[in-house]
Amino acid sequence: MSRLSLAVPANVLALGAVSLVTDVSSEMVTAILPFYLVLSLGLSPLAFGLVDGLFFGVTAVVRLAGAHLADRLQRPKLVAGLGYALSAACRLGLPAAGGSAALVGAVVAADRTGKGLRTAPRDALITLSADPGRLGQAFGVHRAMDTAGAFLGPLVAFAVLGTSGAYDAVFVVSFAVAVLGVLIFVLYVRDRREAAPSPASIRPALALLGEPRFRRLCLTACGLGLVTVSDAFVYLLVQHNAGLATEHLPLLPLGTAAAYLLLAVPLGRLADRVGRGTMFVLGHLALVAVYGVLAASGPFWAVLPLLGLFYAATDGVLMAAAGPLLPPGLRTSGLALLQTGQAVARMVSSILYGAAWAAFGPVPGLVAMGVGVVACLSLRKVVR
């Protein structure tokens, strides 16, 4: 057994395995969904935009409710399991929806509801399963395994689509993979409970913002979320600058996922030593570099690893920084509060950048976002 496996608790590895398998399933669908909706079902760009927006919006709505339920029952595994099961069932909902945009939107909303239910309880289980001094490493291992699934998902989807030529075959295979993820979760993930019971009201969770360090972390994450250009826009700009064929666009995330996969564990371990706040800041400097390369029409191959570096240094690191700041009984709700604020901020960012692109072109918006990132990092004290 390797030194890494000895240092990372079995529960974290089990959660990582679940995320790996689940992300293979979800990214299979994500990779082909635009083509399925627009080319196969004939959805208009406006209708597709509304469906795509549900991916970002619905999770923000249900995170707090699901997290409060997990804290109230002290059963994070139960709530997370319901989320995984709901998302798995939705894999068969897409072909069943036929050509109805409303039904497709309902299936996507249900899938995102499942994701919103499971994310905070899953992260809470990680914080409860790992040593506080090694949370960065634990989240790094989990995110690396999660990203391995995100890397494999599009490849599996294209293989299935190339073999069968049918979108429905991709959805059926995705469903089978998702069911495997649920089985691994049920059989191998262990529940973790805290001694302090959660009050029946959600108000104590909101009162966590009264704690200065946690409030500062939330404000920093939300402020930076407002100036984070979404991956979709980044890949569209890469395609535009490089003149890549449109059919190659779904493959671009593989470059980001590869860098994230390679860097998540070492950067998580480094964050435990040098400070998680420091790593969070450095990760956003990588994002500024992404904006700079895109604005200068630099080599597109440099954008993808930089974006992967950004996620490896910020995603799990942020949760590792927040976990020790939260009291027993409200840990899941606190993480959900942070994630919800960040998700809403990124929704607003997408709208603002889209409007700036339409009015002034892509470059002025990138410059404004880059200046915004630097301003946030200079004005906000990041919690270590």
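Predicted model: local features only at pLDDT ≥ 70, side-chain atom pairs only at ≥ 80, totals over all residues.

A: Residues are numbered from 1 along each chain as its sequence is written, and side-chain values use heavy atoms, with hydrogens and water left out.

Side chains of opposite charge can pair when their charged atoms come close. Such a pair is called a salt bridge when a side-chain nitrogen of Lys or Arg is within 4 Å of a carboxyl oxygen of Asp or Glu, and by this rule the count comes to 8 salt bridges. In one of them, Asp123 pairs with Arg143, with the closest N and O atoms 3.3 Å apart. This pair links distant parts of the chain, since Asp123 is in helix H6 and Arg143, 20 residues away, is in helix H7 (residues 135-164); helix H6 itself covers residues 101-129. Helices here are DSSP runs (H or I, at least four residues), numbered from the N terminus.

To say how covered a residue is, we call it buried under 20% relative accessible area, exposed over 50%, and partly exposed in between (1.4 Å probe, protein chains only). Asp123 is buried, its relative accessible area being 0%, and Arg143, at 5%, counts as buried too. Arg143 also forms a salt bridge with Asp315, whose closest N and O atoms are 3.2 Å apart. Because Arg143 lies in helix H7 and Asp315 in helix H14, this pair ties together parts that are 172 residues apart in sequence. Asp315 is partly exposed, with a relative accessible area of 31%.

A further salt bridge joins the side chains of Arg276 and Asp272 (2.9 Å, N to O); Arg276 is buried at 12%, whereas Asp272 is partly exposed at 22%. Through shared partners, salt bridges join Arg122, Asp123, Arg143 and Asp315 into one network.

Helix H14 (residues 300-322) has 23 residues, which should span 33 Å at 1.5 Å a residue, and this agrees with the 34 Å between its end C-alpha atoms; the expected span is 1.5 Å times one less than the number of residues.

We now turn to the rings. Rings of Phe, Tyr and Trp (its six-membered ring) pair if their centres lie within 6.5 Å, and planes under 30 degrees apart count as stacked, over 60 as edge-to-face and the rest as tilted. By this rule the count comes to 6 aromatic pairs. Phe233 and Trp357 have ring centres 5.9 Å apart and planes at 50 degrees, so this pair is tilted. Since Phe233 lies in helix H11 (residues 231-242) and Trp357 in helix H15 (residues 331-360), the pair ties together parts that are 124 residues apart in sequence. Phe233 counts as buried at 18% relative accessibility, while Trp357, at 24%, counts as partly exposed. Phe310 and Tyr311 make another tilted pair, with 4.9 Å from centre to centre and 50 degrees between the planes, and both Phe310 and Tyr311 are buried. Finally, Phe233, Tyr353 and Trp357 form one aromatic cluster.

Note on methods: Helix = DSSP H or I, 4+ residues; strand = E, 2+ residues; numbered from the N terminus.
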